Each structure stands twice: as structure tokens, then as C-alpha cells.
Amino acid sequence: LWFDQNGQPLEAVTHALATGDQDFAAEQIETHALESIQAGEIRRVRAWLNALPAGILAQRPVLLVAQAWTSARTPTVDTAAELLAQAEEALSDVSLAGAPLDADVRQQVSSQIAVLQVVIARVRGEPTLRQQEKALAALDQVGTSGDAAAEATLYLRLGFCYLDLGLDQEADRIFSRSYTTGRSSANFYAAHGAAYGRMVIARRHGQLNELDLICRQVVADLGGSEDGDRPTTGLALIMQGWLAYEWDQLDRAEDLLTRGLALAEGVGIVEILVKGQEALACVRLVQGGMAAAPDLRAIARDGHPALRAFAAALNARLNLLLANRVAELKAGDAAIRWARTQVLTLRHTSSYDWEIFGALVYARVQCWEYNRNPSEDGAAHLAAILEFISGQYPRLEDLGWVGVLVEVEITRSILH
């Protein structure tokens, strides 16, 4: 209890688990689980819950909701949905072994159930408009309770819906609201996620100075606590590292990316880990310290199918860079093997940037192969790829995301 009373929740739970008193440990986890999740400590909370018997979890709605949060990822999303149903049932069960929930905690659990239904819809890859509908309905429900932390997460999810729909200005507005609300309610998971959404928009449009300002603001506002940097700070550090790489500040890039990835591991957001490892590999390749590309597909193996496809495209891009910089022809052959598995169809409507990148890497690999073995068939195939890209992504010329226009122009110049 001393740790709890002196503002050290992580130590309080660790000590409670060490006592072997499972009911006492459950009470401590119940007290601190949701605030720890909002701090980005999702993997830590998962470890706490795994140390408790299933019977104790089933009796406590707060712990069921916390377990649903730690399960809301592609391999275990159905488990998360089942846990939410159990939490709703447990809220109305007067025979619970735990102490009765007071009105505030009961309302918090109800709000978190509404939030998680929106999160699960995204993890399952439901249509973006359906996700948007659920987020707006949940905001109406949660708004009456005054639960600002839950609102911050819902604004975050709504922002990503607008981002998927290509409504960048509206997405930026909603992300800004999520950031402000998350910061004021100590929901650092939402605040950092919202800042990341704004970073994606700036990067997408080639606004690197704006991206730098957002990163600096986030680190200044939310960077850490008395115990050190929060896991969610890793998102901003990874984006700062990518910027440093773009600006040819290689040593700084390596430092930022290494620190960012170490922190982001605690959050477990697969997309961030994939992008961070790809950027770090690019830095080390330029420094001459990489002989083979890391397997980004392995990092994304438990992610959404569209994310796994994106990771495979990043791997192909790294292999192509290896082939070009150090004449590693095996890496080039690996990129070609990937390209031969590609089909010119839109795989998932809620992964706009991932799709653009995959299509452009496909075009770039074909360019490389065409340069090695020019042929009329190769030229015709490249022309078909560019026609597909132009038709599928009509907004492409408005974007500066990841050198999109550069990739297209290089490809066109080769054809002409």
C-alpha cells in the first residue's frame, strides 16, 4: 500500500504480485490498469493480467476491460470482443467476489466498453464509414458522462477514419482535439496517437518543417514522467529519427530511432515498429553497416493483412536499396521475387498510404529490372503499372508522402 499511497503505481502492482496474495494483487491491478494503458504501458498490463488466475479476472469488470485492451490486436481480436461481452455481463452481476463498483468506476467501465467496440472494429478491418459511424455514436454516449480520457481515444479513432477517407484537413482538426483532450486527461496513449496522426498528414504532404515542429511539441509536452520517457514517446522519436535521416543527420537519426524503437516496444503498435525498423535499416545501409535487410514481415506477422503487405513492400524497397548501393544482387533478386507476387488491385480501402507505397515500390522494382534487361514487354508492363497508379490514386499529385512524386517521375523518365 505504501507504493500506492506515494504515487508509484507500477511498484505497487509489482509488490502486490510478489506477495502471492492474488486478491490483493487483483485490487492493485484494478486500481492502476486503465491509467497504465492510457500511459501506453499495454504490454506491462498484459503481463500483470497473465499473472492472475482466470477465475479472478472473470469476477472483475475493470480487469476484463483491461484484458480486452491488451487483446485488441489482430490475432486475439475475437477474444477482446468476448471479454467485452463478459465485462458487460459482470457489471450487472451482484454476486461478484470483488467489492461493488462505485458509480464513477461503473461509468468508466461502460465508457471503455464503448471505446473498445470502436477499436475492435478497426482491428477487424471493418469498412471505414462503419468505423466512423461507431465512433460518432460512442462519442454521443461517452459525452454525457464527462469521461474526457475516453473521448480523447474516440477522437483519435475518428481522426484515423477521416485520414483513411483522404479528408486530411478534417483529420488534422480531429487529431488536434484528441491531442488537447488526451493531454488534459492524462490519456497519453490518445495524445501521442493523435500527434502521430498529424505527423502522418505532414509527412504525406511533404511538410517536413511542420512535421519537425509537431515532433518537438510532443516531446516537450508529453515526453516523460519522473520515471523517464513514456513508451508512447517512442512514436515521436521514431518520426524525428526519420526526419534526421531525410536531412542526412545520420548519427542523430540512429540515436533517435534506436531510443524510439526501445520505447515503442512497450506500446506494441506494429505499424510504428515496422516503420521505425525500416528507417533504422536505411540509416545503417547508408552508413555501410548493413549487409542484409531485416525481416520486417516477421515484425508484422500478427498485424492486419494490409499491414503485412506493407511490411513486405518495405522489405522489397530495402532489398532494392541494397542492390543499388552495394551491388548485392541477391537482394535485388529478392525484390523481384516479391514483385512477381503482386497484383494490381486495391487490397484494402482503409490503408490508403500503405497501398500507395506498395504500388510505387512495385513500379520501382520493375524499373530496376527493366534497366538490367530492357525489353518491349518490360516497358509495356511498367506503363500498365503507372496507368493503374494514376487511376487508383487520383490525389497522388497533391501528396509528397515518402517521395511519392519522385518515384513516379523516375519511373516515367525511364520509360521515355
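Predicted model: local features only at pLDDT ≥ 70, side-chain atom pairs only at ≥ 80, totals over all residues.
**Entry 1: helix α9**

I looked up α9 to see which way its residues point. Leu129 and Asp140 are exposed, and they sit on the face of α9 turned away from its buried side. On the buried list I found Thr128, Gln131, Gln132, Ala135, Ala138, Leu139 and Val142.

Helix α9 runs over residues 128-143, which is 16 residues, and at 1.5 Å a residue it should span 22 Å. Its end C-alpha atoms are 22 Å apart, so the two agree.

**Entry 2: Thr128**

Why does Thr128 count as buried? Its relative accessibility is 6%, and the cut-off for buried is under 20%, so Thr128 makes the list. Thr128 belongs to helix α9.

**Entry 3: the core**

Next I went for the largest nonpolar core, which has 128 residues. Trp69, Met199 and Trp338 have the most contacts inside it. Which helix gives the most to this core? That's α18 (residues 305-326), with 12 residues.

I picked Met199 and listed what it touches, leaving out residues up to four places away in sequence. The list reads Leu211, Ile214, Cys215, Val218, Ala236 and Met239.

**Entry 4: aromatic pairs**

How many aromatic pairs does the structure hold? I got 3, and I wrote up two of them.

Trp69 turned up again here, in an edge-to-face pair with Tyr189. The rings are 5.7 Å centre to centre, with 75° between the planes. This pair links distant parts of the chain, since Trp69 is in helix α6 (residues 61-71) and Tyr189 is in helix α12 (residues 188-204), 120 residues apart. Are they buried or exposed? Both Trp69 and Tyr189 are buried.

The other pair I noted is Phe160 with Phe175, also edge-to-face. For this one I wrote down 5.0 Å centre to centre and 70° between the planes. Phe160 sits in helix α10 and Phe175 in helix α11 (residues 168-184), 15 residues apart. Phe160 and Phe175 are both buried.

**Entry 5: helix α16 and Glu271**

I finished with α16, which covers residues 270-286. Of its 17 residues, 13 are buried, so α16 is largely enclosed by the rest of the structure. I ran the length check again: at 1.5 Å a residue the helix should span 24 Å, and its end C-alpha atoms are 25 Å apart, which agrees. After α16 comes Gly288, and I noted its positive phi, near 85°.

Then I zoomed in on Glu271, which is found in α16. Its side chain has a polar contact of 3.2 Å with the side chain of Tyr196. Another polar contact, of 2.9 Å, joins the side chains of Glu271 and Lys275. Leaving out residues up to four places away in sequence, Glu271 touches Tyr196, Leu307 and Trp354.

Notes. Residues numbered from 1 in each chain as written. Heavy atoms only, no water. Helix = DSSP H or I, 4+ residues; strand = E, 2+ residues; numbered from the N terminus. Expected span 1.5 Å × (residues − 1). Buried < 20%, exposed > 50% of the residue type's maximum accessible area, 1.4 Å probe, protein only. Core = buried A, V, L, I, M, F, W, Y, C linked by side-chain atoms within 4.5 Å. Contact = heavy atoms within 4.5 Å. Polar contact = N/O pair within 3.5 Å; in protein donor to acceptor, adjacent residues only side chain to side chain. Phe/Tyr/Trp six-rings, centres within 6.5 Å; stacked < 30°, edge-to-face > 60°.
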